[in-house]
Each structure stands twice: as C-alpha cells, then as structure tokens.
Amino acid sequence: MRTMGRGLLLLLVVAFMAGVWDARSERGTTPRRAAAPFGTGPVARERTPRMAPQLVSVRIDERDGYDRVVFTFDGSMPGYRVRYLPRVDGPGGRPLPLPGAAFVEVAFEPARVRGPDGRTTFPAGAITPSSPVLRQVRFAGDFEGQVRFGLGVAGRGGVRVSELADPTRVAVDVR
C-alpha cells in the first residue's frame, strides 16, 4: 500500500512539473520575447545560425490601432534590423518606389529567399493593403545572405518587433 501511495505521489509530482514546463514553453503563437513598446529607434537582433533560414511567406494582419507584417521562415530565427529611413533602396541602390510619408527597412541576416532553381521561395510582389497605417510592403532584394524589405507607412507612429515560434516568424508592428 505504501509503495502504491509513493508511486501515486511521484506521478502527481511529475504531472505537475510537466504542466508547469508546458505552460512556460514556447508553443503556438506565444512570443519568444515579450513585445516591446512602439518606438521610432532602430530594433536589431544578431544571430549566427548554422544554416541561413529560408523565408517562405510574408503576410499582413490589420490589428486594432496598428498593422502587423509577419515574415515566416523555415529553419531557425534569423537576425534582423528594423529601422526608419528617409528612403529604402532596392537592387542596385535605386530608391524603392513605396507610397507613404515614412519608410521602414526590414533586413534579415542571415536569411535566404531563393531555392535551387533561383526563384524566390515566397510571392515577391508588392503587398498593398487597404489600411490607413501600412501603405505597402515590397521586397527590396537579397544579396550575400541579407534579405531586405521596404514598408511604406502613413507616418512615424512607431514600430515594434516580436519573435514567434512554431513556425518561426518575425512580426513587425507599425502604427
């Protein structure tokens, strides 16, 4: 009887610890890092994964008071830099045509966007939502392991960056 009681107690302790561990794990849409407040300064995070993650999709979500651009990757989390610029340059250093009064550059490094056939691994066309904040998202190019995008926005209302897991995503919020 005592052995059975100890076994039951051990089982309850293991179940409790598993529940605590699961609650603290990074599953679903749980951010890996808490979302920072909106700001106008640059946001950067350096990483050096073994293999450059591959961008597989870019999508936009309209939220209450801000818009979110979600970059989904296959593989580990890339490093990134998000900042306001007077203009975002495209391939060859030419200004990237973006509608808006302010411009945000989003750069991932290391990252890749081309498959073995040389084609981009996501739809590379401009995304133009009908939003009062986010005017357009446009692929700005890739070179030597760096992938860049330009965001045309209504003004310098601030940006913030969140890291999401399962799948690996970087969310850039603009307001």
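**Entry 1: strands β4 and β5.** I looked up the bridge partner of Y80 in β5 and found F108. The model is a predicted one. I then followed the two strands, β4 and β5, which run antiparallel and are joined by seven bridges.

**Entry 2: the sheet.** I traced the strand order as β1-β4-β5-β7-β6, an open sheet of five strands with antiparallel pairing. At its edges I found β1 (43-45) and β6, each of which pairs on one side only.

**Entry 3: R148.** I located R148 in strand β7. Is R148 buried or exposed? I recorded R148 as buried, because its relative accessible area is 14%, under the 20% limit. Its side chain makes a polar contact of 2.8 Å with the side chain of E105. Among the residues that R148 touches, I listed V88, D89, G90, V106, A107, F139 and A140.

**Entry 4: nonpolar cores.** I examined the largest nonpolar core, which has 29 residues. Within this core, the residues with the most contacts are F71, V106, F108, F149, L151 and V172. I noted that β2 (54-62), β3 (67-74), β4 (79-85), β5 (102-109), β6 (134-143), β7 (146-153), β8 (159-164) and β9 (168-174) each give two or more residues to it. Apart from this core I found another, of five residues, including V88, L96, L98 and A140.

**Entry 5: F71.** I listed what F71 touches, leaving out residues up to four places away in sequence. Its contacts include L55, S57, V58, V106, F108, F149, T168, R169, V170 and V172.

Notes. Residues numbered from 1 in each chain as written. Predicted model: local features only at pLDDT ≥ 70, side-chain atom pairs only at ≥ 80, totals over all residues. Heavy atoms only, no water. Core = buried A, V, L, I, M, F, W, Y, C linked by side-chain atoms within 4.5 Å. Buried < 20%, exposed > 50% of the residue type's maximum accessible area, 1.4 Å probe, protein only. Helix = DSSP H or I, 4+ residues; strand = E, 2+ residues; numbered from the N terminus. Contact = heavy atoms within 4.5 Å. Pairing = 2+ DSSP bridges. Polar contact = N/O pair within 3.5 Å; in protein donor to acceptor, adjacent residues only side chain to side chain.
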